[in-house]
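Work through each task before reading its solution.

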Amino acid sequence: MAAPMMTQFLSVIFCLLIPVLCDKYKPIEIELQSEINGEPARIFTADEIRKYDGSDPKKPLYMGVRGVVFDVSDGKGFYGKGSEYNALVGKDATRAVAIWSLEPQDLVPDVNDLPDFKLKMLDETFQETYMKKYPVIGYMDYLVEHKQFVKTANYKENTRSLENKDDRNSDKTEHKLHKESLQSDKQNDSLDTVRKASDEVFKNTPQTVLAEHEEL
Ligand code: HEM
């Protein structure tokens, strides 16, 4: 009689433990914004973000964490040329941030093989350091490939302010491209379309505006 009771007892304990043991950490969901502070979100390839590694003092310092690109220029003391964490900028160094390493092989986005507690620590740093301290300016192409853009809450307001600007400047091309990149459902369908719209906007933006943007 005691043996079946023990078996039953152990089965109950086992059933209670399974969900706890198998409860895998779910990384924080990242929502892509098609527009950030009134500007179309910028999409970076590994080659493009490399320009912002601090080797040109006139350029801002950009760093990718979990595919989100932050302007970390305010942390120049950490990330500027010759500074302790300079190796982390000009790239998506998600893995390095997750495991606190500055080894060259860890300066990559890949974290697939990391245990849950490292992924949790990564998310904590992502939120508590990067999201809190530094402005987001865009996304790495690999993140955009897997996700879709969402319209920002102030989407309508931003579109309206662009219309006014265009009325004043009679610069219909920029407005048309902004609208296309924001409104076209097709834009959400593929990275190629998103990149084309983004490239066109930059191509058609007066050089002075681009220069100001670079200075920021
Ligand atoms: C013995 C080793 C280390 C020590 C003593 C150390 C110490 C520090 C200190 C004191 C801060 C500043 C915290 C603050 O003022 O908010 C900091 C920030 C930071 N450390 Fe380290 N660190 C070490 C190793 C590393 C390694 C290996 C990495 C590799 C990823 C790393 C990445 C960072 C990052 C990303 C920040 C945040 C910078 C920011 O706020 O933008 N640290 N560390």
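**Exercise 1.** List the residues around the ligand, then sort them by class.

*Solution.* The model is predicted. Step one: the shell around the ligand consists of G75, F78, Y85, A96, V97, W100, S101, L102, T129 and K133. Step two: α4 and α5 are the elements that give two or more residues to this shell. Step three: by class, the shell has 6 nonpolar, 3 polar and 1 charged residues.

**Exercise 2.** Describe how β5 and β6 are arranged.

*Solution.* Start with the pairing. β5 and β6 run antiparallel and share 4 bridges. Next, the connection. The two strands form a hairpin with 2 residues between them. In that turn, R66 has a positive phi of about 55°. Now look across the pair: M63 stands opposite F70 in β6. Last, check the sides of β5. Y62 and G64 point one way, while M63 and V65 point the other way. All four are buried.

**Exercise 3.** Find the residues that touch the most other members of the largest nonpolar core, and the elements that supply this core.

*Solution.* The core holds 30 residues. Y62, M63, V69, F70, V89 and Y139 touch the most other members. Elements supplying at least two core residues each are β4, β5, β6, α4, α5, β7 and α6. Then take V89. Leaving out residues up to four places away in sequence, V89 touches Y52, D53, G54, L61, Y62, M63, V72 and Y79.

**Exercise 4.** Summarise the whole protein.

*Solution.* Count the elements: 10 helices and 8 strands. Then burial: of 216 residues, 23% count as buried.

Note on methods
Residues numbered from 1 in each chain as written. Predicted model: local features only at pLDDT ≥ 70, side-chain atom pairs only at ≥ 80, totals over all residues. Core = buried A, V, L, I, M, F, W, Y, C linked by C-beta atoms within 7 Å. Buried ≥ 20, exposed ≤ 12 C-beta atoms within 10 Å, placed from the backbone. Contact = placed C-beta atoms within 7 Å. Near = placed C-beta within 6 Å. Nonpolar A, V, L, I, M, F, W, Y, C, P; charged D, E, K, R; others polar. Pairing = 2+ DSSP bridges.
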